[in-house]
Amino acid sequence: MSKDKIPVYSKASYGAGAFVLQMGNQSVQYLANLIFNIELGLSLGLIGLAMMIFRIYDAFLDPYMGNLSDNTRTKLGRRRPFLFIGAVLSGLTFPLIWMIPKGLETYVTLGLFIVAAIIFYTSFTIFVVPWETLSAELSPDYHERTSVVSYRILAQMLAWGFMGWIYAIINLPIFENPLQGMRWTATGIGLLIILFGLLPAFFCKERFEKVASKQHKIGFLESIKLSLSNKPFRVVLGLLVLMTLGENLVITLGQYLNIYYVFDGAKAKASIVMGYSDTAKTITSVLSLPIALWISKRYGKRRLMYTALCTAIIAVISKWFFITPAHPNWQIIIGALLGLGFTPFWVALVAMIGDVADYDEDKNRTRREGSYTAIYTWVFKFSLALTLFLGNVITESTGFQLSLAGAQSYETFLIMRIALVGITGICVLGCFWLVKSYPLTSQKAYEIRQRLEARRGTV
């Protein structure tokens, strides 16, 4: 086996950790409004404020966790002890978010929601920051890194497909109500988080551990400064912010248009289409991965980005035509198009972090994947925190009122549809502009690698 190739079981184990990432980053946002607004009666504004508070807290933990794992020295390596501890704690604390009883005072419910989420996200950070570094550490090769990330995206999309059916599951008649269904389902999800989270702890090995063990420990502020001085990394962060805003600002709009515009408030029927749409997205995401790998290998990550963004803009425009009460199932087509466009984008973006770390080592003679990953996840979570609040504010500002259910005014539904398409469309167009300025082509990446291996040998 080539030194650039890594065992399939290592790639698969790394990919399995994406289940923890998906449940931690997306499930709370995906389900919070449906449970805390519709079932527990909190306003969208308060839910958005709560999610912004605990996600900002979570985001500020990331740089410290990244710097801590970069500077950790144990017989098991820099990352694996944190992977083990974080996976177990994340699985045990995830169900806490959904155990809040009905009928409490508004601010008691709000406070318990924030506290439970903070406990979970502290555990989540212990796992996810060291895990994220593996995308840069498992392979030194420009193209092999894209292959590694494809396993992650595959697992992430399978988890997304599962997540799309959670709302349908909790509405099954075997449960007394959706709240009870959510509690049982969350307990099962917690067990799966532990199972999938432990796989990378046992089967993924750091490639650059020996290189890092010989370098001096870098202080927190120095690490942040070095990272932000890296031009390719700044481009990566810009793309991350735009796409995070584009995808997540409109989640509530999409959910509520499905339930109240398309299905006139029939939650059970809306949840089935929601599930099929996310399943379609999962299928096309999986089908797009070999195509994305082929494009990246033949033309590089920048061309892959351009191809993905062209498909993404088509998917965004399709929402205007396919979210319609006349044809409810057309929403499944939107899911399929989103998988084809957005999934290859994330494959390319995550794979760029390893190239950025090589660029940094070439300039500063240090391996700091943990710091780069931590800042990447910090920016992602901070951006996500803003979307959790602003997305709900945007929904309320359209004039939407939960008490009216499907009887919203024509103008309200029109504004919701315009915002759904316009917000994501603007963000995708902004990504086109940023991709032009990304300097690390495949040729430059291989030149950097040759210099590194001439200096410190192959790893």
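Helices (H or I, at least four residues) and strands (E, at least two) are DSSP runs, numbered from the N terminus. The close-ups below all come from a predicted model.

**Figure 1. Ala 405, a positive phi in the loop between α15 and α16.** Welcome to the first stop: the loop that joins α15 (369–397) to α16 holds Ala 405. Although Ala 405 is not a glycine, its phi is positive, at about 50 degrees. Its relative accessibility is 27%, so Ala 405 counts as partly exposed.

**Figure 2. Asp 264, another residue with positive phi, in the loop between α11 and α12.** This loop leads from α11 to α12 (267–299), and Asp 264 sits in it. Here phi is near 55 degrees, again a positive value in a residue other than glycine. Asp 264 has a relative accessible area of 57% and is therefore exposed.

**Figure 3. Phe 263, a buried residue in the loop between α11 and α12.** Phe 263 also belongs to the loop between α11 and α12. The cut-off for buried is under 20% relative accessible area, and Phe 263, at 15%, counts as buried. Setting aside residues up to four places away in sequence, Phe 263 touches Asn 258, Lys 269, Ala 270, Val 273, Pro 328 and Gln 331. Pro 328 is 65 residues away along the chain, yet its C-alpha atom and that of Phe 263 are separated by 7.6 Å.

Figure 4. Turn to helix α11 to find Asn 258. With 3% relative accessibility, Asn 258 is buried.

**Figure 5. Helix α11 packed on helix α16.** Two packed helices are described by the angle between their axes and the distance between the axes. For α11 (residues 251–262) and α16 (residues 410–435), the angle is about 145 degrees and the axes are 10 Å apart. Their crossing is left-handed. From α11 come Leu 253, Gly 254, Tyr 256, Leu 257, Tyr 260 and Tyr 261, which meet Phe 413, Met 416, Arg 417, Ala 419 and Leu 420 of α16. By class, the residues of this contact are nine nonpolar, one polar and one charged.

**Figure 6. Thr 252, a buried residue of α11.** Still in helix α11, look for Thr 252. Its relative accessible area is 7%, so Thr 252 is buried. Residues up to four places away in sequence aside, Thr 252 touches Asn 33, Leu 44, Asn 392 and Thr 395.

**Figure 7. Leu 21, a buried residue of helix α1.** Helix α1 contains Leu 21, which is buried at a relative accessible area of 4%. Neighbours within four places in sequence aside, Leu 21 is in contact with Gln 26, Phe 124, Val 128, Trp 131, Glu 132, Arg 152 and Gln 156. Phe 124 is 103 residues apart from Leu 21 in sequence, while the two C-alpha atoms are 8.1 Å apart.

Figure 8. Is Ser 10 buried or exposed? Its relative accessible area of 8% makes Ser 10 buried. A polar atom of its side chain lies 3.2 Å from the backbone oxygen of Phe 203. Phe 203 is also among its contacts, with Leu 138 and Cys 204, once neighbours within four places in sequence are left aside.

**Figure 9. Helix α7 and its start.** With 26 residues (178–203) at 1.5 Å a residue, helix α7 should span 38 Å, and its end C-alpha atoms, 37 Å apart, agree with that. At the start of the helix, a side-chain oxygen of Asn 177 reaches to within 3.1 Å of the backbone nitrogen of Leu 179.

**Figure 10. Helix α13 and its cover.** The 22 residues of α13 (301–322) should span 32 Å, and the 31 Å between the end C-alpha atoms agrees. Buried residues of α13 include Leu 304, Met 305, Ala 308, Leu 309, Ala 312 and Ile 313, as well as Lys 301 and Lys 319. Among what covers the buried residues are α5 (142–163), α10 (231–248), α12, α14 (331–364) and α16.

Note on methods. Residues are numbered from 1 along each chain as its sequence is written. This is a predicted model: local features need pLDDT of at least 70, side-chain atom pairs count only at pLDDT 80 or more; totals for chains, interfaces and linings use all residues. Side-chain values use heavy atoms; hydrogens and water are left out. Axes are lines fitted to C-alpha atoms, for helices over the stretch in contact, and angles run from 0 to 180 degrees between N-to-C directions. A crossing is left-handed if the near helix is turned anticlockwise from the far one by less than a right angle, and right-handed if clockwise. Contact means heavy atoms within 4.5 Å. Ala, Val, Leu, Ile, Met, Phe, Trp, Tyr, Cys and Pro count as nonpolar, Asp, Glu, Lys and Arg as charged, and the others, Gly among them, as polar. Buried means under 20% relative accessible area, exposed over 50%, partly exposed in between (1.4 Å probe, protein chains only). A polar contact is a pair of N or O atoms within 3.5 Å; within protein, one must be able to donate a hydrogen and the other to accept it, and residues adjacent in sequence count only if both atoms are side-chain atoms. The expected span of a helix is 1.5 Å times one less than its number of residues.
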